[in-house]
Amino acid sequence: MTTRKQQQRGVGMVEILVALLVLAIGVLGYAGLQLNALKSTESAQIRSQGTALARDTLESILINDQERDTYLDEGSWGNAQSAFGDQPPSNPDCLSNPCSSAEMATWDINRLQWQAGTMLPAGRLHVTPCSTGGVTTSCVVVAWGDQDIDECLDGGEINTGLDSECAVMEVER
């Protein structure tokens with residue numbers, strides 16, 4: 001009595017389907033990682049722009065020292081919000097005409113608020129009193145997205161939550 005072993009020829013349909021399922025799960029995992037990386041990159045870029053805008057505000061305050069009180073006055077900043085595509089402020093026009101220190105401060109404030117609205121999604125900017133470590137000073141506050149600009153300073157202290165969409169810089173200590 002002789003037994004004959006049968007050899008399998010080719011690949012079965014079930015094996016092909018299992019291989020495709022494993023491949024599909026891998027591709028979906030990779031796509032999820034890419035999506036997460038894109039969101040993180042966008043968040044980092046927006047935070048970087050917000051920080052640069054806050055630094056630009058600080059530099060404007062330091063350069064025009066004669067009008068320091070104008071920059072640090074919370075009432076000078078208003079609540080106007082620019083949107084992408086809005087025209088830049090032109091009153092006063094300090095790019096092509098000489099301006100006094102007061103006109104330069106007004107132009108800087110208008111320009112910085114315009115930049116916040118056009119560079120950041122729903123961007124807002126103002127200077128407000130804040131306290132850090134028990135010392136009261138002024139802070140430049142930049143907020144974007146759904147973040148309420150008043151929540152960037154929680155009771156006068158800087159909000160350091162990981163989910164905050166704001167940048168806060170102290171004017172001086």
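**Close-up 1. Asp-56 and Arg-111 meet through their side chains in a salt bridge, 3.2 Å from N to O.** This pair links distant parts of the chain, with Asp-56 in helix α1 and Arg-111 in helix α3 (residues 101-119), 55 residues apart. Please keep in mind that this is a predicted model. The two partners fall into separate accessibility classes: Asp-56 has a relative accessible area of 23% and is partly exposed, whereas Arg-111, at 14%, counts as buried. The cut-off for buried is under 20% relative accessible area, so Arg-111 at 14% qualifies, while Asp-56 at 23% is partly exposed.

**Close-up 2. Arg-111 also pairs with Asp-108 in a salt bridge, again with an N to O distance of 3.2 Å.** Here both partners belong to helix α3, and because they are three residues apart, about one helical turn separates Asp-108 from Arg-111. Which of the two, Arg-111 or Asp-108, is buried? Both are: Arg-111 is buried and Asp-108 is buried as well.

**Close-up 3. Salt bridges join Asp-56, Asp-108 and Arg-111 into a network.** It is worth looking at the previous two views together here.

**Close-up 4. Within helix α1 (residues 13-63), Arg-55 and Glu-59 lie four residues apart, about one turn of the helix.** Their side chains form a salt bridge with an N to O distance of 3.8 Å. Are these residues buried or partly exposed? Arg-55 counts as partly exposed, at 45% relative accessibility, and Glu-59 is partly exposed too, with a relative accessible area of 39%. How many salt bridges does the structure hold? The count is three.

**Close-up 5. A disulfide joins Cys-94 to Cys-99, with the sulfur atoms 2.1 Å apart.** The torsion about this S-S bond is about -105°, so the disulfide between Cys-94 and Cys-99 is left-handed. One end is buried, as Cys-94 has 11% relative accessibility. At the other end, Cys-99 is partly exposed, with a relative accessible area of 25%.

**Close-up 6. Cys-130 and Cys-139 form a disulfide, and 1.8 Å separates their sulfur atoms.** Why is this disulfide of Cys-130 and Cys-139 right-handed? The torsion about its S-S bond is about 65°, and that gives the right-handed assignment. Cys-130 is buried, at a relative accessible area of 2%, and Cys-139 is buried at 0%.

**Close-up 7. The cysteines of the chain can be viewed together.** The structure has two disulfides. Counting bonded cysteines along the chain, the disulfides follow the pattern 1-2, 3-4. In this pattern you will find the pair Cys-94 and Cys-99 and the pair Cys-130 and Cys-139. Two further cysteines are worth a look: Cys-152 is buried, with a relative accessible area of 0%, and Cys-166 counts as buried at 6% relative accessibility.

Note on methods: Residues numbered from 1 in each chain as written. Predicted model: local features only at pLDDT ≥ 70, side-chain atom pairs only at ≥ 80, totals over all residues. Heavy atoms only, no water. Disulfide = S-S within 2.5 Å. Buried < 20%, exposed > 50% of the residue type's maximum accessible area, 1.4 Å probe, protein only. Salt bridge = Lys/Arg side-chain N within 4 Å of Asp/Glu carboxyl O. Helix = DSSP H or I, 4+ residues; strand = E, 2+ residues; numbered from the N terminus.
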